[in-house]
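This note sets out, for a reader new to the structure, some points on its covalent links and its charged side-chain pairs.

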Amino acid sequence: QVQLVEAGGGLVQAGGSLRLSCAASGRNISSYAMTWFRQAPGKEREFVAAISRMGHKTSYADSVKGRFTISRDNVKNTVYLQMNTLKPEDTAVYYCAAESSGSSTYTCHDPSECDFWGQGTQVTVSS
């Protein structure tokens, strides 16, 4: 079983950048596809970006495509989310999640499909 801890959130002005990290412990993340989700107040948790186990395949929500980049370093056991050109509507708690099927291509895009979760990190974008 893997434990996940997110970091890097904070308050930033619109147009700014943040880099989130998700550090894993207990097991190497090369066993898992990794996904970032976010949840704004009063809204459902939504998919942001995903990366396959070895990093060969990535996918993004349309709302962040071209602005956010997901990456992973399996040696450092960490997944990252680089967020550029941030908008007020990006304000949310950001969660990383791990999917344990072992597939080389499958990534979880629905929260019910993911197996392990971090506690989240708050991102606030001011206008």
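**Disulfides and salt bridges**

1. Cys108 is buried, its relative accessible area being 0% (buried means under 20% relative accessible area, exposed over 50%, and partly exposed in between, with a 1.4 Å probe and protein chains only). Its disulfide partner is Cys114, with an S to S distance of 2.1 Å (a disulfide is a pair of cysteine sulfur atoms within 2.5 Å). Cys114 is buried as well, at a relative accessible area of 8%. The S-S torsion of Cys108 and Cys114 is about 105°, so this disulfide is right-handed.

2. The model is predicted: local features need pLDDT of at least 70 and side-chain atom pairs count only at pLDDT 80 or more, while totals for chains, interfaces and linings use all residues. Residues are numbered from 1 along each chain as its sequence is written, and side-chain values use heavy atoms, with hydrogens and water left out.

3. How many disulfides does a search of the whole structure find? The search finds 2. Besides the pair described above, Cys22 and Cys96 form a disulfide, with their sulfur atoms 2.0 Å apart. This pair links distant parts of the chain, since Cys22 lies in strand β3 (residues 18-25) and Cys96 in strand β9 (residues 92-99), 74 residues apart. Strands (E, at least two residues) are DSSP runs, numbered from the N terminus.

4. Cys22 is buried at a relative accessible area of 1%, and Cys96 is buried at 1% relative accessibility. The torsion about the S-S bond of Cys22 and Cys96 is about 55°, so the disulfide is right-handed. With bonded cysteines counted along the chain, the disulfides follow the pattern 1-2, 3-4.

5. The count of salt bridges is 4 (a side-chain nitrogen of Lys or Arg within 4 Å of a carboxyl oxygen of Asp or Glu). Arg38 and Glu46 meet in one of them, at 2.6 Å from N to O. Arg38 is buried at 6% relative accessibility, whereas Glu46 is partly exposed at 35%.

6. Arg38 also pairs with Asp90 in a salt bridge, at 2.9 Å from N to O. Asp90 lies in the loop between β8 (78-83) and β9 and Arg38 in strand β4 (residues 33-39), so the pair ties together parts that are 52 residues apart in sequence. Both Asp90 and Arg38 are buried. A network of salt bridges links Arg38, Glu46, Arg67 and Asp90.

7. Asp62 forms a salt bridge with Lys65, their closest N and O atoms being 3.2 Å apart. Asp62 and Lys65 are both exposed.

How values were computed: Helices (H or I, at least four residues) and strands (E, at least two) are DSSP runs, numbered from the N terminus.
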